[in-house]
Every structure is written in C-alpha cells, then in structure tokens.
Amino acid sequence: MLLDLSGVLSEQHTELIQDVDIDMTEFRAGYGSFSVLKKTPISIRVTHVKERKFRITGSGKVTFEIPCDRCLKPVETELVLDFVKNIDLDVPDGGQTEELDETNYIDGYTLDADKLVCGEILIGWPTKILCSEDCKGMCGVCGQNLNQGTCDCEDAGLDPRMSVIRDVFKNFKEV
Ligand SMILES: [Zn+2]
Ligand SMILES: [Zn+2]
C-alpha cells in the first residue's frame with residue numbers, strides 16, 4: 001500500500017494514521033520462503049518533526065511457519081513489529097544511514113508501506129527457531145526425528161560414506 005506523505009510535509013503538517021493490510025502470503029528470504037499463517041494490520045503513524053524531517057512509527061504482528069533449526073518441524077512463530085524510523089528528506093536516501101539494507105521505501109512524497117514492513121520483518125527475523133527448548137533434533141545418519149523415536153544408527157563414523165551424509169546434515173542444521 002502506498003501512503004501519501006504530502007499532508008505531513010505540507011504547511012499544516014497533518015498527522016497520517018493508517019492501518020495497513022500487508023499483502024503477503026509468504027515471506028522470501030535468501031535461505032527460503034516461509035508461509036504467513038496470521039497477520040494483523042500494521043498501524044502506521046507518520047508525524048512531522050521539523051522542516052523536512054518526520055517520524056514513522058509502526059506496530060503489528062505477523063505469524064510465520066518456520067522450521068525448527070534442529071528437527072525441521074514447522075514452528076508457528078509470531079513476529080512482533082514495533083518500529084520507529086526517523087526520516088530526513090534532505091539527507092540522500094531518506095537519511096537511513098544507520099541501516100545498510102535497501103530502505104528505498106520512500107519515493108518523493110510517497111511511502112511504500114509494504115516495502116517498509118518487509119524490511120522490518122527482515123530486521124526482526126528470529127535467529128534461532130526451536131520447536132521446544134529440549135528438541136533432540138534428528139539423527140545425522142538416517143534423518144529420524146529423535147523427538148518421535150530412536151533409531152539404530154551407531155554414532156561412530158564407521159562407514160565413511162555415512163559420515164559424508166552426516167556432515168551434510170550438520171551443515172544443513174547450522175543454517
Ligand atoms: Zn525441533
Ligand atoms: Zn539414525
């Protein structure tokens with residue numbers, strides 16, 4: 001959704017308050033895509049600070065399905081968005097010097113709320129997802145989910161071919 005900032009930046013400095021429905025059914029990150037299970041509208045408020053400076057605040061919640069880092073079981077994960085952005089139009093690129101990601105969500109007097117929220121999701125993305133604190137993960141040899149049962153694999157790397165597979169799993173799980 002595109003929001004018009006001209007009122008905020010006009011002589012009257014009208015405050016802009018808008019609930020934005022984010023048009024998103026999945027979130028694509030470099031390492032995969034994740035289904036959106038639930039989302040609230042994002043409440044966005046834009047207030048004038050001075051001259052060509054203004055502040056954007058936003059809050060809302062998006063729930064994703066993200067696989068457990070250890071056993072890959074899908075975990076319902078709620079991401080709470082609550083952000084404040086200070087924008088200065090006189091600084092190139094909207095003054096977003098503190099962030100290196102592409103914050104090109106302002107174009108002239110238009111705010112692209114979807115782009116803004118996508119950037120915030122990326123910033124707030126959880127670094128670790130576990131289905132439970134004591135998730136046992138999966139067997140590095142056969143892939144058995146060890147929360148659901150044990151397997152008969154020997155953990156020692158007796159067979160070199162198996163240890164290759166195990167390394168692949170290890171690398172995969174460390175993502
Ligand atoms: Zn797990
Ligand atoms: Zn096994």
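A residue here is called buried when its relative accessible area is under 20%, exposed when over 50%, and partly exposed in between (1.4 Å probe, protein chains only). The views below come from a predicted model, in which local features need pLDDT of at least 70, side-chain atom pairs count only at pLDDT 80 or more, and totals for chains, interfaces and linings use all residues. Residues are numbered from 1 along each chain as its sequence is written, chains are lettered from A and ligands numbered from 1 in the order in which they are written, and side-chain values use heavy atoms, with hydrogens and water left out.

**View 1. Four cysteines hold the zinc ion (ligand 2).** Look for the SG atoms of Cys139, Cys142, Cys151 and Cys153, at 2.2 to 2.3 Å from the zinc ion. Donors are N, O and S atoms within 2.8 Å of the metal (3.2 Å for Na, K and Ca); water is not among the atoms, so sites may look incomplete. Because the 4 donor atoms subtend angles of 103 to 113 degrees, the arrangement is tetrahedral; for four donors, that term asks that all angles lie between 85 and 135 degrees. For tetrahedral donors, the ideal angle is 109.5 degrees. Along the chain, the donors of ligand 2 follow the spacing C-x2-C-x8-C-x1-C. Cys139 and Cys153 are 14 residues apart, both in the loop between α2 and α3 (160–173). Cys139 is buried, at 8% relative accessible area, whereas Cys153 is partly exposed, at 32%.

**View 2. The zinc ion (ligand 1) also has cysteine donors.** Here you can find the SG atoms of Cys68, Cys71, Cys131 and Cys135, lying 2.2 to 2.3 Å from the ion. This site is tetrahedral too, with angles of 103 to 116 degrees among its 4 donor atoms. The donor residues are spaced C-x2-C-x59-C-x3-C in sequence. Both Cys68 and Cys71 are buried.

**View 3. Asp88 lies in strand β7 (residues 74–88).** Strands (E, at least two residues) and helices (H or I, at least four) are DSSP runs, numbered from the N terminus. Asp88 counts as buried because its relative accessibility is 14%. Its side chain makes a polar contact with the side chain of Lys53 (3.5 Å). A polar contact is a pair of N or O atoms within 3.5 Å; within protein, one must be able to donate a hydrogen and the other to accept it, and residues adjacent in sequence count only if both atoms are side-chain atoms. A polar atom of the Asp88 side chain also lies 2.9 Å from the backbone nitrogen of Asp90.

Notes: Four donors count as tetrahedral if all angles lie between 85 and 135 degrees; four count as square planar and six as octahedral if opposite donors are over 155 degrees apart and all others between 65 and 115; anything else is irregular.
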